Amino acid sequence: MSDAPENEPSTEGDPEATALVVIADHVIADIVGWTVLECYGVVGMASPNLVRGVASLLSRDRLHQGIKVRQREGRLHIELFIVVEYGLNAAEVAGNVRSQVLYAVEQVTGRPVTDLRIHIQGVRVGDR
Amino acid sequence: MATADRAGLSVVRARSTVLAGFVALEARRQEVNDLNVYPVPDGDTGTNLCLTVRSVVEALVGAPDDLTPAQICEAIANAALMGARGNSGVILSQMVRGALEPFAAEGPLTSETLVTACRRATDTAYRAVTPTCPLSSRPSSSPT
């Protein structure tokens, strides 16, 4: 993932020392996935590809399939595919997802999200 | 005013009830804002709730006085849904929708109407929650 040389521990306290922390895309995707599931009105994540025109819910261990993370030159792009409960203000639910994801990712990784796209991929009507 | 209590839901009653709630909420808006720490501590929960309820107040103020109970419920639920702001607003709109179910029927409002309304509010609000922890379960409101 990174081609940085191994750092010597003796540089501790040296203001000139550089440390590189690399956060893998899938780690960010996991943070995003759990945050999204905690958002009110979100039923789950869906795959970007519709199966015969229908969005199917992804199981807990495959949440990352509904999240695209791209890090390039210090910029962080995230794309999400969600399913929302029917009967809610979907635009407002998406707005809440947006603020919760932006907050959670910056809180955990210390890096702001440059670009976030939310796709409402489906609506769930009735119970399960 | 015993006759008024036998009457079902009317626009006049709904208007004064919602307005009283709005005034009470507005008075403590800052207090609610200060409580807001989750999920994003931006301190706008009170403001969002006020904006959501205000949307219902405006719908009722603009509504004609002769609507049926079912039409009133429809108008309130719709105003709460479209006017929902923030997480708290969206949750409130669901609670409102659920709570209105027993009020849509013609006939007197009793204490049972209120009990049913509270139960429906809880059930409807929980329907849009995804359990993220396998141990967490939603409280059942069906047993008495």
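These legends describe close-up views of a predicted model.

**View 1. The fold of chain A.** Chain A contains two helices and four strands. Read from the N terminus, the order of its elements is α-β-β-β-α-β. Of the 128 residues in chain A, 29% are buried. Among the contacts in chain A between residues at least 6 apart in sequence, 64% link residues at least 24 apart.

**View 2. Helices H1(A) and H2(A).** Two packed helices are described by the angle between their axes and the distance between the axes. Helix H1 of chain A covers residues 25-37, and helix H2 of chain A covers residues 90-109. The two pack at an angle of about 140°, and their axes are 9 Å apart. Angles over 145 degrees would count as roughly antiparallel, so H1(A) and H2(A) are oblique to each other. Their crossing is right-handed.

**View 3. Residues between H1(A) and H2(A).** From H1(A), the residues in contact are A:Ile28, A:Ile31, A:Val32, A:Thr35 and A:Val36. They meet A:Val97, A:Gln100, A:Val101, A:Ala104, A:Val105, A:Val108 and A:Thr109 in H2(A). Sorted by class, this contact of H1(A) with H2(A) has nine nonpolar and three polar residues, with no charged ones.

**View 4. The contact of chain A with chain B.** Chain B contributes 18 residues to the contact and chain A contributes 17. On the side of chain B that touches chain A, helix H5 (69-83) and helix H6 (86-100) of chain B each supply at least two residues. H6(B) gives the most to this side, with seven residues. The residues on this side of chain B comprise nine nonpolar, seven polar and two charged.

Definitions and conventions:
Residues numbered from 1 in each chain as written. Chains lettered and ligands numbered in written order. Predicted model: local features only at pLDDT ≥ 70, side-chain atom pairs only at ≥ 80, totals over all residues. Buried ≥ 20, exposed ≤ 12 C-beta atoms within 10 Å, placed from the backbone. Contact = placed C-beta atoms within 7 Å. Nonpolar A, V, L, I, M, F, W, Y, C, P; charged D, E, K, R; others polar. Axes fitted to C-alpha atoms, helices over the stretch in contact; angles between N-to-C directions. Parallel < 35°, antiparallel > 145°, perpendicular 65-115°, else oblique. Left-handed = near helix turned anticlockwise from the far one by under 90°.
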